[in-house]
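Today I am looking up a few side chains and what surrounds them.

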Amino acid sequence: MSDTLEQLALVLEQRRSAAPDTSYVASLHHKGLNKILEKVGEEATETILAAKETESGVEGCHQAVIAETADLWFHSLVMLSHLGISHDDVLEELARRFGVSGLDEKAARSTD
């Protein structure tokens, strides 16, 4: 999986400064952060709806959850790229949380 993230990060970085008419990612960067955030929100909503349908037993929704989650992750990575934040920073944060109770971790964040 990390190979996929590394490859995607390279493509996103290349397209960050590309002409907007050359790729979808370049057009998102050109439109700016608000457009990228709009896409992240849209994909988050679509992921939630697909998950709800899957839990309700709607046939064929399992694949929809996978596809929508891929879209959400993709647009989140575009957002990180736009902000100059590496996906490695997010992975490091997740790794840091291993062995820490989720309740303890959340409590620590609220006191910062």
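I started with His75, which counts as buried because its relative accessibility is 5%; buried means under 20% relative accessible area, exposed over 50% and partly exposed in between, with a 1.4 Å probe and protein chains only. I note that this is a predicted model, where local features need pLDDT of at least 70, side-chain atom pairs count only at pLDDT 80 or more, and totals for chains, interfaces and linings use all residues. Residues are numbered from 1 along each chain as its sequence is written, and side-chain values use heavy atoms, with hydrogens and water left out.

I placed His75 in helix 4, residues 61–83; helices are DSSP runs of H or I, at least four residues, numbered from the N terminus.

Which residues does His75 touch, leaving aside neighbours within four places in sequence? I found Tyr24, Leu28, Ile36, Lys39, Val40 and Glu43 in contact with His75, contact being heavy atoms within 4.5 Å. Val40 is 35 residues from His75 in sequence, yet their C-alpha atoms are 5.5 Å apart.

I also checked the His75 side chain: one of its polar atoms lies 2.8 Å from the backbone oxygen of Asp71.

Next I looked up Ser81, also in helix 4. Ser81 is buried, at 8% relative accessible area. Leaving aside neighbours within four places in sequence, I found Ser81 in contact with Leu12, Glu13, Arg16 and His29.

Last entry: Leu80. Beyond its neighbours within four places in sequence, I found Leu80 in contact with Ile85, His87 and Val90.

Notes:
Helix = DSSP H or I, 4+ residues; strand = E, 2+ residues; numbered from the N terminus. Polar contact = N/O pair within 3.5 Å; in protein donor to acceptor, adjacent residues only side chain to side chain.
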